[in-house]
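Here are some exercises to work through with the model open beside you. Try each one before reading its solution.

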Amino acid sequence: TGCASGSTASTTTSASSSTTATETLRVGMECNYAPFNWTTTTANDTTQKISSADYCDGYDVVIATKLATAVGRNVEIVKLDWDNLILSLQNNQIDAIIAGMTDTPEREQEVSFTDQYYESEEVMIVRADGKYASATSIQDFSGATVQGQMNTIYDEVIDQINGVTHQPAAESFPAAIQALQSGAIDGVVSELPVANGVVAANKELSIVRFASGKGFTADTTVSVAVRKTDTDLKDALNTALSNISTSERESLMEAAVNRQPATN
């Protein structure tokens, strides 16, 4: 059951509206999905501590810090496995999920989502010297063995490819990339910022971007998840998000891509 790294969040016992201690916004993420989030041992202006030795950095961390500040809270990043994020939110171990998560009807049954905080593009990562490197349509992957990360839209959309061999989903995104590098699969469905980082660190891989109308049909936005009962928090986060312009979001993502670790 993926536990949070580091110490548990201190709880505020005062029930009054005029608490002197600043509340903490506990934000869950994998810290294993660059450039959205990753683990590092080096502190900088954008990292948050997650254990005695490790920090989490990435676009999600920067957004989480900005949002927490805007709603008058201190941020605490809690490192969790992807499959434990929603359960941990429901169990009050965290207050929000900021982890590159897309608002889907299935997830909306369990949690509530804010407005989007980033919109991406779905691509395929392949071996640069392989037969699929020149693909322009998802249907060019008919007959290919393709994999995505478990319980993500990047796994679900694979079946839009006619005649594809849908490899059982990887438990983590780095595991899927390792399978691609080893030759066990032909392609990994990804979003563009993540793919850019992977290919920058692994020159033997390349990105296939699809022509208009020839790509996957799916929502490529990501939003913050909160408990259904936390309507005030959701409203406050939406207000904060409205003050972060699209151009600022793009520049924050570009900066995250540029400083992410050189290896997966």
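This is a predicted model: local features need pLDDT of at least 70, side-chain atom pairs count only at pLDDT 80 or more; totals for chains, interfaces and linings use all residues.

Residues are numbered from 1 along each chain as its sequence is written, and side-chain values use heavy atoms, with hydrogens and water left out.

**Exercise 1.** Find the residues that lie nearest the centre of the largest cavity, and sort its lining by residue class.

*Solution.* Start with the term: on a 1 Å grid over the protein atoms alone, a cavity is a set of points where a 1.4 Å probe fits but cannot get out, and lining residues have an atom within 4 Å of a point. Next, take the lining of 16 residues; Tyr33, Trp82, Gln149, Thr152 and Tyr154 lie nearest the centre. Finally, sort the lining: eight residues are nonpolar (Ala, Val, Leu, Ile, Met, Phe, Trp, Tyr, Cys, Pro), three are charged (Asp, Glu, Lys, Arg) and five are polar (the others, Gly among them).

**Exercise 2.** Classify the ring pairs Phe36–Tyr59 and Tyr132–Phe141.

*Solution.* First, the rule: rings of Phe, Tyr and Trp (its six-membered ring) pair if their centres lie within 6.5 Å; planes under 30 degrees apart count as stacked, over 60 as edge-to-face and the rest as tilted. The structure holds nine such pairs. For Phe36 and Tyr59, the centres are 6.1 Å apart and the planes at 90°, so this pair is edge-to-face. Tyr132 and Phe141, at 5.1 Å centre to centre and 15° between the planes, are stacked.

How values were computed. On a 1 Å grid over the protein atoms alone, a cavity is a set of points where a 1.4 Å probe fits but cannot get out, and a pocket is an open set with protein on both sides within 12 Å along at least five of seven lines; lining residues have an atom within 4 Å of a point.
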